[in-house]
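Hello,

Please find the structure below, followed by notes on what was found in it.

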Amino acid sequence: MIHEMSKDAQFITTTFRPELLQNANKFYGVKFRNKVSHVECCTREEAHDFVEDDTTHA
């Protein structure tokens, strides 16, 4: 549904679901260090590794 509607709109989502990465154009990782959130661009592969590795965000 998001893929179809993205022809006329922009969507920003947060997820731990790998299937939502399939149609994305851009990926960002958010890391929490020293009580501060840091946002960085990342590749599709890095995003996929993050959502698949449940030890990273457990």
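In the hairpin of β1 and β2, two residues lie between the strands, and Asn34 has a positive phi near 50°. Helices (H or I, at least four residues) and strands (E, at least two) are DSSP runs, numbered from the N terminus. This is a predicted model, in which local features need pLDDT of at least 70, side-chain atom pairs count only at pLDDT 80 or more, and totals for chains, interfaces and linings use all residues. Residues are numbered from 1 along each chain as its sequence is written, and side-chain values use heavy atoms, with hydrogens and water left out.

Strand β1 covers residues 27-33 and strand β2 residues 36-42; seven bridges pair them in the antiparallel sense (two strands pair if DSSP finds at least two bridges between them). Across the pairing, Tyr28 stands opposite Cys41 in β2, and Lys31 stands opposite His38 in β2.

The protein chain has two helices and two strands, in the order α-β-β-α along the sequence. Its C-alpha trace spans about 40 × 20 × 15 Å along the principal axes.

Of the 58 residues in the protein chain, 7% are buried (buried means under 20% relative accessible area, exposed over 50%, partly exposed in between, with a 1.4 Å probe and protein chains only). Helix α2 takes in residues 44-52, including Asp49. Asp49 is exposed, its relative accessible area being 51%. Between Asp49 and Phe11 there are 22 Å from C-alpha to C-alpha, and the two are 38 residues apart along the chain.

The accessible surface of the protein chain is about 5400 Å², and carbon and sulfur atoms hold 52% of it (Shrake-Rupley method with a 1.4 Å probe; for residues, only the protein chains shown count as cover).

Taking contacts in the protein chain between residues at least 6 apart in sequence, 24% join residues at least 24 apart (contact means heavy atoms within 4.5 Å).

On charge, the protein chain carries 7 positive and 10 negative side chains, with the centres of the two sets 7 Å apart. Lys and Arg count as positive and Asp and Glu as negative, while His and the chain ends are not counted; each charge is placed at NZ of Lys, CZ of Arg, CG of Asp or CD of Glu.

Regards
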